[in-house]
Amino acid sequence: MRIGSIEIGAPAVQAALSGYSDWPMRVIAKRLGAPYTLCEVLLDRFVLDQRLQRANRRQLKVTDEEHSVGGQLMGADPEQFGPAAVRLVEAGFDVVDINFGCPVKKVLGRCRGGYLLSTPKTAIEIVSRVRDALPANIPVTVKMRRGLDDSQQSTENFYTIFDGAFEIGAAAVTVHGRTVVQRYDGPSNWDILAQVKRHAGSRTVLGSGDLFSAESCVEMLRHTGVDGVSIARGAIGNPWIFQQVQDALAGRAVRWPGLFEQRDVLAEHFRLSNETYGEKRSCAMLRKFGIKYAQLHPHSAEVKEAFIRVAQPLDWEAVLDRFYAEDLPGQAPAGQGELAECGAGIAEACPDC
């Protein structure tokens with residue numbers, strides 16, 4: 001798979017995950033097989049606010065081993081998108097992605113994210129301003145849902161934006177198989193993703209929605225014909241999923257990491273987080289990761305409870321010492337493929353954006 005001038009390779013990439021896909025998560029995913037990752041969604045005004053430079057350094061952090069990596073923008077004012085996109089490229093991001101997909105109520109109320117699917121003229125202007133602001137070798141991509149709702153007008157708006165983005169010069173579009181109004185209720189509609197890909201022809205389309213296992217990723221690729229899959233919540237706590245997809249596509253058995261391998265990744269994730277945020281903040285931030293990693297442990301419920309109680313670095317180390325001292329086989333998460341609760345309350349946007 002390619003995104004413009006960038007050769008991605010394997011077709012399973014890490015989506016932008018608000019509140020999750022920061023520098024530590026992206027580095028871990030990259031080391032374990034993700035060919036391409038996206039940072040958590042950033043508001044255009046935040047990226048441009050000079051008063052927030054110290055905070056920006058953490059959210060805009062990019063290191064050499066990450067490439068290729070994309071930065072995702074969200075906002076409402078087309079005029080701010082171009083300068084914000086330039087700032088992302090200056091920070092080191094290889095691709096600028098535009099968020100037209102977030103279904104969170106407060107985001108929609110501020111005319112951002114999925115709201116823009118109801119205003120094709122504004123959405124297309126945003127893509128145009130970003131494309132015009134960047135060098136030709138920097139790909140611009142778009143994240144969409146399949147529409148605001150199931151109305152005919154919504155479908156027409158979707159294709160107006162979809163085709164308009166490619167005509168302006170977008171290198172790829174990621175489409176989530178639910179509507180904005182649908183949020184996370186019901187299954188992602190892969191039949192519509194197949195229709196979108198047939199309409200797109202040779203243009204690069206990635207699919208999103210209900211990708212919680214290597215098997216579901218392979219099934220989406222085969223069922224819809226999309227060029228790649230964008231894994232969101234399915235990558236939280238399972239950074240091995242990217243290699244698992246590659247193994248499944250090659251006909252190899254999907255491997256679940258043993259506890260020693262899980263322990264090493266957990267320890268490294270905590271170390272990278274400490275490097276970025278400091279020990280005190282890292283303990284609070286990584287609880288949400290720990291309870292997801294726990295799903296791969298044969299005693300997942302007990303391990304999850306232990307991670308929830310982590311309050312200081314010694315607690316994190318104690319969980320690893322107690323539950324990861326024996327190299328037992330890892331396991332697939334119980335009920336894999338079921339929808340996880342949306343964590344929209346933790347950040348400006350939802351985890352699947």
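Visitor: Is Y159 buried, exposed or partly exposed, and at what relative accessibility?

Guide: This is a predicted model, and every value in our discussion is computed from it. Y159 has a relative accessibility of 21%, so it counts as partly exposed, because the buried class ends under 20%. F158, by contrast, is buried, as its relative accessible area is 2%.

Visitor: Which parts of the chain does the pair of Y20 and F289 tie together?

Guide: Y20 belongs to the loop between β3 (12-14) and α1 (23-31), while F289 belongs to helix α12 (residues 279-293). The pair therefore ties together parts that are 269 residues apart in sequence. Y20 counts as buried at 9% relative accessibility, and F289 is buried too, with a relative accessible area of 2%.

Visitor: What is the arrangement of the rings of F158 and Y159?

Guide: The planes of F158 and Y159 stand at 90° and the ring centres are 5.0 Å apart, so this pair is edge-to-face. F158 and Y159 also belong to one aromatic cluster with F162 and F166.

Visitor: Let us turn to empty space. How is it found?

Guide: A probe the size of a water molecule is rolled over the atoms, and this shows where empty space is left. In this structure there are three cavities of 30 Å³ or more. The largest cavity holds about 120 Å³ of space.

Visitor: Which residues line the largest cavity?

Guide: Its lining consists of 15 residues, and those nearest the centre are L38, D97, T174, L206 and S230. Two elements, β8 (140-145) and β9 (172-176), each give two or more residues to this lining.

Visitor: How many disulfides does the structure hold?

Guide: A search of the whole structure finds zero disulfides; such a bond would require two cysteine sulfur atoms within 2.5 Å. Among the cysteines, C217 counts as buried at 0% relative accessibility, and C283 counts as buried at 1%.

Visitor: Where does a cis peptide bond occur?

Guide: A cis peptide bond joins H67 and S68, with omega at about 10°. S68 is placed in the loop between α3 (53-59) and β6 (69-74). With a relative accessible area of 14%, S68 is buried.

Visitor: Which residues other than glycine have a positive phi?

Guide: Two examples may be given. Phi of R183 is near 55°, and phi of D210 is near 65°. R183 lies in the loop between β9 and α8 (190-200), whereas D210 lies in the loop between β10 (204-208) and α9 (214-224). R183 is partly exposed, with a relative accessible area of 32%; D210 counts as buried at 18% relative accessibility.

Visitor: How far apart in space are A10 and Q246, and how far apart in sequence?

Guide: A10 and Q246 are 236 residues apart in sequence, and their C-alpha atoms are 6.9 Å apart in space. A10 is found in the loop between β2 (6-7) and β3, where it counts as buried at 19% relative accessibility. For S68 and A165, which are 97 residues apart along the chain, the C-alpha atoms are separated by 22 Å.

Key: Residues numbered from 1 in each chain as written. Predicted model: local features only at pLDDT ≥ 70, side-chain atom pairs only at ≥ 80, totals over all residues. Heavy atoms only, no water. 1 Å grid on protein atoms, 1.4 Å probe; cavity = no way out; pocket = protein on both sides within 12 Å on 5 of 7 lines; lining within 4 Å. Points joined across faces, edges and corners; volume = space filled by probe spheres on them. Helix = DSSP H or I, 4+ residues; strand = E, 2+ residues; numbered from the N terminus. Buried < 20%, exposed > 50% of the residue type's maximum accessible area, 1.4 Å probe, protein only. Phe/Tyr/Trp six-rings, centres within 6.5 Å; stacked < 30°, edge-to-face > 60°.
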